Amino acid sequence: MADYLASIYGTEKDKVNCSFYFKIGSCRHGDRCSRKHVKPTFTPTILVRNVYKNPAHDPTCAMTEPELQEHFDAFYEDWYRELAMLGPLEEMHVCDNVGEHLVGNVYARYKAESDAANAVEKLNDRYYAGFPLYAELCPVTDFREACCRQHEDRMCNRGGFCNFMHLRHPTADLRLELHDAQKAMLKAKGFEGIGRSAARRRSSRSRSRSPARTSRRSSRWEEDDEARRSREPRESREPRESRDSREGRDRDPRRSSTREAATEERDPRRSAPPTEETRTSSRHEDRARDRDRERGERADRSDRPERERA
């Protein structure tokens, strides 16, 4: 029985677990699905939802096919470079579907599960194109089962609403260029086992340099990080060392006594003891405030019957 359940796990025969979530990491029913979505705790694949905005999906788009491809190449290069900074990439794919659960999704498979977990943690604190990112671990490991084979043959009659992945591919030259750049970067950083096995560093785990940028378009990551820093409160953007030193100065009793002495010099009345004239004037002010308050209360009581009759 156990062997049978293991053999049908994640397939259409499985009546407990969602086969679509197991194959593509996303389900069109979402949380309302009648079957379980088992989220993985360890996996080399990550999913960043709804990132790529294809201009062709806009009815008012007037871009030609070469312009659309150039637009996508710039996006693909920008994301490949940023994800490669978090660990060695095996592959990266971008969905071109229009369904809510697949539109603009970015899938990336790392060589090591630890790099994928680190990428999810880092990306969830980042912005891109003015929007926050939502990354998660994904159960997909074989993208051949997740892709629509009919779309690859240009025969899918469901179009962008197909529940399987319709991938948009970069140009072959760009893909080869990014792959070679990452390979050179990993070799320079001293990786062992750059094949299919998990990568291990000879040196300590530090942030890797990204592959060299091509001259297509400037990255949008730096712009959004700067915009986020400008929206943060000033105290949070202040370096910790300067905040600690400022707080230490405020706690310094010698500095506080000096500040109080300077205040007393500017306002001698604060340091002088109260005189009989000062006490008398304060009593008169209190009595005047009490009389004003009593007049206001009497006026409210006299106006109340007229408001009730009205």
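Which residues does UniProt list for "zinc finger region: C3H1-type"? The entry, which is unreviewed, gives residues 12-40 and 142-169. Please bear in mind throughout that this is a predicted model.

Five strands make up an open sheet, and their order is 6-1-3-2-7. The pairing is antiparallel. Which strands stand at the edges? They are strand 6, residues 135-137, and strand 7, residues 167-168. Each has a single partner strand, so one side of each is left without a neighbour in the sheet.

For strand 6, strand 1, residues 45-48, runs antiparallel to it, and three bridges join the two. Within this pairing, I46 has L137 of strand 6 as its bridge partner.

Next, the helix. Helix 3 comprises residues 65-84 and lies across strand 1, strand 2, strand 3 and strand 7. Relative to strand 2, which covers residues 89-95, helix 3 runs at about 140°. Strand 3 covers residues 106-110.

Is E82 buried or exposed? Its relative accessible area is 7%, and because buried means under 20%, E82 counts as buried. E82 and A119 are 37 residues apart along the chain, and their C-alpha atoms are separated by 9.9 Å.

Thank you for your attention.

Notes: Residues are numbered from 1 along each chain as its sequence is written. This is a predicted model: local features need pLDDT of at least 70, side-chain atom pairs count only at pLDDT 80 or more; totals for chains, interfaces and linings use all residues. Side-chain values use heavy atoms; hydrogens and water are left out. UniProt positions are given in the numbering used here, feature names are shortened, and annotations may be inferred rather than shown by experiment. Two strands pair if DSSP finds at least two bridges between them. Helices (H or I, at least four residues) and strands (E, at least two) are DSSP runs, numbered from the N terminus. Contact means heavy atoms within 4.5 Å. Axes are lines fitted to C-alpha atoms, for helices over the stretch in contact, and angles run from 0 to 180 degrees between N-to-C directions. Buried means under 20% relative accessible area, exposed over 50%, partly exposed in between (1.4 Å probe, protein chains only).
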